[in-house]
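Please walk me through this structure.

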Amino acid sequence: MKNIDWLVLVATLGGIVGFGMWKGRASRQNIEGFLLADRQLPWYHVTLSVMATQASAITFLSAPGQAYTDGMRFVQFYFGLPLAMIVLSVTFIPMFKKLNVYTAYEFLEGRFDLKTRVLTSFLFLIPRALSTGVTIAAPSIILSTILGWDLYWTNIMTGLVVTFYCMYGGSKTISYTQMQQMFVVLIGMFLAGYMVVHLLPSEIGFVDTLKVAGKMGKLNAIDWKFDLNNRYNVWSGLIGGFFLQLSYFGTDQSQVGRYLSGESVGESRIGLLMNGMLKIPMQFLILLVGALVFVFYQFNQPPLFFNQTGLDKIANTQEYRQIEAKHSQIFQEKKIAVAQMFDALKSGNEQQIEQTKVKVTEADKASGVLRTEVKDLLKKTSPETDTNDTNYIFLSFVTKYLPVGMVGLLIAVILLASMGSMASAFGSLTSCTIIDIYKRLLHPEDTDQHYLNVSRWVTLGWGIFCIIVAQFTANIGSLIEAVNILGSWFYGTILGVFLVAFYFRSIQGNAVFWAAILAEIIVIYTWWIDLTAFLWLNLIGCVLVIVFAYLIHILTPKRAVEKIDEL
């Protein structure tokens, strides 16, 4: 990066973080201010904070690469989100606000019992801590690639920076910071999309770019075919995605904590509903940038491997030079075919469009074979190198082709997104640990100052744990898929517990406790044997908890239930 890029990066990060810490300075003097911003935030804070919590660096780093390799069908993952926001606004928010809880899991003790509350808290803590480790790894990939730093030390550095920032600031600081972050993030992604089209040949406009992307199969946003083994289609998004989003926003403390900080039920409701309206267009934009980058590389020769650090390890070998020579020849032939396709699209010559499409597709397949050969060479030469370069595609384009200043802004966008998501995650891990475990089980009677001090040390402990997790996530492929698969292991089970709590009033704690354990075992086993696409795990876990809880309830003698409840 140039000096101007560094100036833009530092000024953007420093300005936003400094502003957030200044605005939140008065709310970190007590435990309610530290964890819930004194419950005084307006709806637009709630909306932007909720969006920033979900839109981590993984979203802006991995999603464009996902669209580049697999098209835009990933957007269907969010189709169940608006429906989930409506359900949460009608049911969860009024109940949580009425009970004046700090965490979602406090409600479960009053409804069921202590062991169910603690179990559900642990089911939240496990995936949230692990996924936060992945969130730390995402910007570390950026910095290690651009600056040549060791990935493991970069994980430590970025993780500790956010950890200490969270220890100093509270929920209000996080919210103000996230609000500014989202403005910068959206501006940055709009500019990135504009620059991709601007860098194409002058005769190709935005509409022309979309036509080429469509013919190349990169605008495949909708798939109506029902297939349990297809990760992304309308049905998995509406049904599986609905249950995942309902569980994530309704029972994951990283999100519950954001809208519990709203100053009223109405403000929290509007905040969530606006999130439901804005999230899909935002995700569509991010994926579209990836599709546009794909078109850009139809006119400009792409690297055979997008992780430049990994590519440097084999760049001087004879085998790689031979592969690169074949790649250049294939690309020149493809470039001619793409130009012919563009002319055919402008003239509306369908026959020529199909003929050129065949040529371009065959060239892509040939390039894919060469990419595989490069990855095989990498495995042989440097076995420790991650051969999945999806997460590097957008980063590679940004650093090589965007003008001075824009590079710094886009790096700031990704780092800001990471900071916002990590901050909410650390806040939720701390809230759950302090309220549901430490204060409830270990130290029930103490001063507000004591819990505030312990909260800061707990934040440090979770930060260190998540950094350790981040060290093992460098080679797990698409980060955005990894996070959502991890959440799907647990969110369905948690959601099932809450649905039983809301809608099955006769079922008591013992039944739902054992139902949750059985359901979780089955969900993990279902994933292990690869029985279905991961989004359906959310529905499976939720339904199993309800069914098992009901069966245990009706099969357990009333006398035995009463005896258990007395213990």
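Asn 100 sits in the loop between α6 (92-99) and α7. Helices here are DSSP runs of H or I with at least four residues, strands are runs of E with at least two, and both are numbered from the N terminus. The phi of Asn 100 is near 60 degrees, which is positive although the residue is not glycine. Asn 100 has a relative accessibility of 44%, so it counts as partly exposed. The scale is this: buried is under 20% relative accessible area, exposed is over 50%, and partly exposed is in between, with a 1.4 Å probe and protein chains only.

This is a predicted model, in which local features need pLDDT of at least 70 and side-chain atom pairs count only at pLDDT 80 or more, while totals for chains, interfaces and linings use all residues. Residues are numbered from 1 along each chain as its sequence is written, and side-chain values use heavy atoms, leaving out hydrogens and water.

Another loop holds Asp 530, between α22 (509-528) and α23. Its phi is near 55 degrees, again a positive value in a residue other than glycine. Asp 530 counts as exposed because its relative accessibility is 60%.

Now the rings. Rings of Phe, Tyr and Trp (its six-membered ring) pair if their centres lie within 6.5 Å; planes under 30 degrees apart are stacked, over 60 edge-to-face, and the rest tilted. The count comes to 29 aromatic pairs by this rule. Take Phe 107 and Phe 502: their ring centres are 5.1 Å apart and their planes lie at 20 degrees, so the pair is stacked. Phe 107 is buried, at 6% relative accessibility. Phe 502 is buried too, at 13%.

Phe 296 and Tyr 297 pair in another way: edge-to-face, with 5.3 Å from centre to centre and 75 degrees between the planes. Both Phe 296 and Tyr 297 are buried. One aromatic cluster brings together Phe 92, Phe 96, Tyr 105, Phe 107, Phe 124, Phe 498, Phe 502 and Tyr 503.

How do helices pack? Two packed helices are described by the angle between their axes and the distance between the axes. Axes are lines fitted to C-alpha atoms, for helices over the stretch in contact, and angles run from 0 to 180 degrees between N-to-C directions.

Helix α12 (residues 234-251) packs with helix α23 (residues 536-555) at about 50 degrees, their axes 7 Å apart. That makes α12 oblique to α23. Angles under 35 degrees are roughly parallel, over 145 roughly antiparallel, 65 to 115 roughly perpendicular, and the rest oblique. Among the residues that meet are Trp 235 and Phe 243 in α12 and Trp 536 and Leu 539 in α23. Contact means heavy atoms within 4.5 Å.

Helix α3 (residues 43-54) packs with helix α14 (residues 265-299) at about 45 degrees, with axes 8 Å apart. So α3 is oblique to α14. The contact includes Trp 43 and Met 51 of α3, and Leu 272 and Met 282 of α14.

Finally, Thr 12 lies in helix α1 (residues 3-23). Its relative accessibility is 15%, so Thr 12 is buried. Leaving aside neighbours within four places in sequence, Thr 12 touches Val 184, Ala 412 and Leu 416.
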